[in-house]
Amino acid sequence: QVQLQESGPGLVKPSQTLSLTCTVSGDSITTSYYTWSWIRQPPGKGLEWMGVIVKDGSTYYSPSLKSRTSISRDTSKNQFSLQLSSVTPEDTAVYYCARAEGVRTLDWGQGTQVTVSS
């Protein structure tokens, strides 16, 4: 059974870079048929898909966030990471990593709250 766990700072200052890591167990991010995504949910709003990394390391991003988003991976640790630059308070959200099959999100991490505030 796959498990995903987000980790990273819960508080980030405006203009800085938000960095989160997702540790995956029970599946391999380099060989899996599935894809690996970051999704967020701002307070009082719906889910927002941010981007995805696939088994060959290719990445795809939401057009609205593409200029500020980078997803990378550490294959030795079976982890993938999110970096979001130039954050503002509007980037305050619960951030999730997830495993997906096409457009279907199958498995979620528990989520981690990130607040952008000085």
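This is a predicted model: local features need pLDDT of at least 70, side-chain atom pairs count only at pLDDT 80 or more; totals for chains, interfaces and linings use all residues.
Biologist: What makes the pair Arg99 and Asp27 a salt bridge?

Modeller: Their side chains meet at 2.7 Å, N to O. The cut-off is within 4 Å between a side-chain nitrogen of Lys or Arg and a carboxyl oxygen of Asp or Glu, so a pair at that distance qualifies. The side chain of Asp27 also makes a polar contact with the side chain of Arg99, at 2.7 Å, where the limit is 3.5 Å.

Biologist: Which parts of the chain does the pair of Arg99 and Asp27 tie together?

Modeller: Arg99 lies in strand S9 (residues 93–101), and Asp27 lies in the loop between strand S3 (18–25) and strand S4 (35–41), so the parts tied together are 72 residues apart in sequence. Leaving aside residues up to four places away in sequence, Asp27 touches Val2, Ser32, Tyr34, Trp36, Asn78 and Arg99.

Biologist: Why is Arg99 called buried?

Modeller: Its relative accessible area is 12%. Buried means under 20%, so Arg99 falls in that class. Asp27 is buried as well.

Biologist: Arg99 also meets Asp107 in a salt bridge. Why is Asp107 called partly exposed?

Modeller: The relative accessible area of Asp107 is 21%. The distance from Asp107 to Arg99 is 2.9 Å, N to O, and the salt-bridge limit is 4 Å.

Biologist: How do you know that Asp91 and Arg68 form a salt bridge, and what does the pair tie together?

Modeller: The side chains of Asp91 and Arg68 meet at 2.9 Å, N to O, and the rule asks for within 4 Å. Asp91 lies in the loop between strand S8 (79–84) and S9, and Arg68 in the loop between strand S6 (59–61) and strand S7 (69–74), so parts 23 residues apart in sequence are tied together.

Biologist: Are Asp91 and Arg68 buried or partly exposed?

Modeller: Asp91 has a relative accessible area of 2% and is buried. Arg68 has 22% relative accessibility and counts as partly exposed.

Biologist: Which residues are linked with Asp91 in a network of salt bridges, and how many salt bridges does the rule give?

Modeller: Arg40, Glu48, Arg68 and Asp91 are linked in such a network. The count by this rule comes to six salt bridges.

Biologist: What makes S4 and S9 a strand pair?

Modeller: They are joined by seven bridges in the antiparallel sense. Pairing requires at least two bridges, so S4 and S9 count as paired. Trp38 has Cys97 as its bridge partner in S9.

Biologist: How do you know that S4 also pairs with strand S5 (residues 48–53)?

Modeller: S4 and S5 are antiparallel over five bridges, against a requirement of at least two. In S5, Gly51 is the bridge partner of Trp38. The S4 and S5 hairpin has six residues between the strands, and Gly44 there takes a positive phi near 75°. S4 is mostly covered, with six of its seven residues buried.

Biologist: What makes strand S1 (3–7) and S7 edge strands?

Modeller: S1 and S7 belong to an open, antiparallel sheet of four strands in the order S1-S3-S8-S7, and each of the two pairs on one side only. The twist averages 20° from one strand to the next. S7 joins S8 through six bridges, running antiparallel, and the partner of Ile71 in S8 is Leu82.

Note on methods:
Residues are numbered from 1 along each chain as its sequence is written. Side-chain values use heavy atoms; hydrogens and water are left out. Buried means under 20% relative accessible area, exposed over 50%, partly exposed in between (1.4 Å probe, protein chains only). A polar contact is a pair of N or O atoms within 3.5 Å; within protein, one must be able to donate a hydrogen and the other to accept it, and residues adjacent in sequence count only if both atoms are side-chain atoms. Contact means heavy atoms within 4.5 Å. Axes are lines fitted to C-alpha atoms, for helices over the stretch in contact, and angles run from 0 to 180 degrees between N-to-C directions.
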